[in-house]
Amino acid sequence: MQTQGSHGVAGAPESGQATRVSRGNVTVIRDPENPDMVTIRTRKRKKRSRKKSGWRALSAGKRTAIIAIAVIVALAAGLAIAFTVLVGAGNANLHLQSAPLEDAPVDVKVADEGDSLEYKGHHYVYNENIVSVMFVGHDDQSSYETIWEGANCADANVLVAIDTATREARAVMIPRNSYVYVDVYQDNVFTETKRMNLTLSYAVDVETEAQRAENTVKAVSRIFYGVPLKYYLALDEAAVADASTAIGGVELEALDSIPGSYYAAGDTVLLMGEDAYRYVQYRDVNVFESALDRQERQVQFVKAFLKKAASNGAGGLIDLYNGVSNEVCTNLGASEVSYLATLFASGHNSDLEIVQLAGTTEEAPDANGVVHEHYYLDADSVTKTMLDTFYTRVD
């Protein structure tokens, strides 16, 4: 049997040498002494290195971490969805307040069951985008002798209305001495409706805090001719101390020097804790119209407080509410609170409009001969405020 070497091909083996022929991993060797003897050798094929990629390339620890993150993200997404549902429910509930007026001033013509009004030659329609909440700040330090021991009086009364379309908020401050119609109770039973100062609407002989708050809301609704007011938040004024501290203090220029305080009128101060409470609570009962002077400080404080609180976003507002919830009586549920927080946090809060009802103060003695101030609201101011707050002029 011949090989290529026997024909004188270059590189052919010399006589007596073994002939090797390799093909891939196989080598064939012919023995020159014994041509019929063939030795076949194979090389062990090297395994190709297959690099793992993607998920399999990660260590067990990394895979566990990714799974944990995925679970957290899923939970967060679920909470976000739940929060969105909660906010949506609050939106729906707050817009359920109806429009009809129970009464109207003589110079207002009512049509469409209160949805449409004519006033001084202009046409107004009820703004269905308005949601409103009555805030009542009550305190047990009052100059009045109430019919039951430990009664609180409504010293700060603020009607907050937010236009959900424009995100603009308006706060209507109603003086605590406004001489208005209030329901009277004896032993938790309604007896009559009579004129008295608004502050006493909270100091009624009923069983629960909710009933007292509802009585104040009803009195305020009457001021605006029965405009629908459903939701309220009544807060012990002492909670101002905790609330102001929770947001890091409220900065403002002091309008008055409060006895026992460390600052003077005109000083720029950061109020928190007891100092904040005293700023909005103190008044000298021996000074005529001191309640109105205090209201000026309350207006200033509320505006500065809301601006600071809103800067923390909806989550911060909700945390703030939860922090003072023990001092709060309200019929706002979690959905309404969540919706209002998102609404207010996204609004034009730095431009919050605060309106004070105009009127005149007169002094009169009570049944015991004690002289009290009565604030008689100006009818035109009330009507204009109601229209500007709850209605839209269309001509």
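Reader: Across which strands does helix α2 (residues 209–223) lie, and at about what angle does it run to β12?

Author: This is a predicted model, in which local features need pLDDT of at least 70, side-chain atom pairs count only at pLDDT 80 or more, and totals for chains, interfaces and linings use all residues. Residues are numbered from 1 along each chain as its sequence is written, and side-chain values use heavy atoms, with hydrogens and water left out. Helices (H or I, at least four residues) and strands (E, at least two) are DSSP runs, numbered from the N terminus. Angles run from 0 to 180 degrees between N-to-C directions, with axes as lines fitted to C-alpha atoms, for helices over the stretch in contact; contact means heavy atoms within 4.5 Å. Helix α2 lies across β7, β8 (153–163), β12 and β15, and runs at about 120° to β12.

Reader: In what order do the strands of the sheet with β15 and β16 stand?

Author: Strands of a sheet pair through backbone hydrogen bonds, either parallel or antiparallel. Two strands count as paired if DSSP finds at least two bridges between them. The order here is β15-β12-β7-β8-β9-β16, an open sheet of six strands with mixed pairing. β15 (328–330) and β16 (353–356) each have a single partner strand, so one side of each is left without a neighbour in the sheet. Direction ignored, neighbouring strands of this sheet are turned by 20° against each other on average. Within the sheet, β7 (residues 130–139) and β12 (residues 231–236) run parallel and are joined by six bridges; Gly137 has Leu235 as its bridge partner in β12.

Reader: Which residues make up the covered face of strand β14 (residues 268–271)?

Author: In a regular strand the side chains alternate between the two faces of the sheet. In β14, Val269 and Leu271 form the covered face, whereas Thr268 and Leu270 form the uncovered one. Strand β13 (residues 250–253) runs antiparallel to β14, with four bridges between them, and Leu252 stands opposite Val269.

Reader: How far apart are the end C-alpha atoms of helix α5 (residues 290–310)?

Author: The expected span of a helix is 1.5 Å times one less than its number of residues. For the 21 residues of α5 this gives 30 Å, and the end C-alpha atoms are 30 Å apart, which agrees. Buried means under 20% relative accessible area, exposed over 50%, and partly exposed in between (1.4 Å probe, protein chains only). The buried residues of α5 include Arg294, Val299, Phe301 and Phe305.

Reader: How many disulfides does the structure hold?

Author: A disulfide is a covalent bond between the sulfur atoms of two cysteines. With a disulfide taken as a pair of cysteine sulfur atoms within 2.5 Å, the structure holds zero. Cys153 is buried at a relative accessible area of 0%, and Cys329 counts as buried at 14%.
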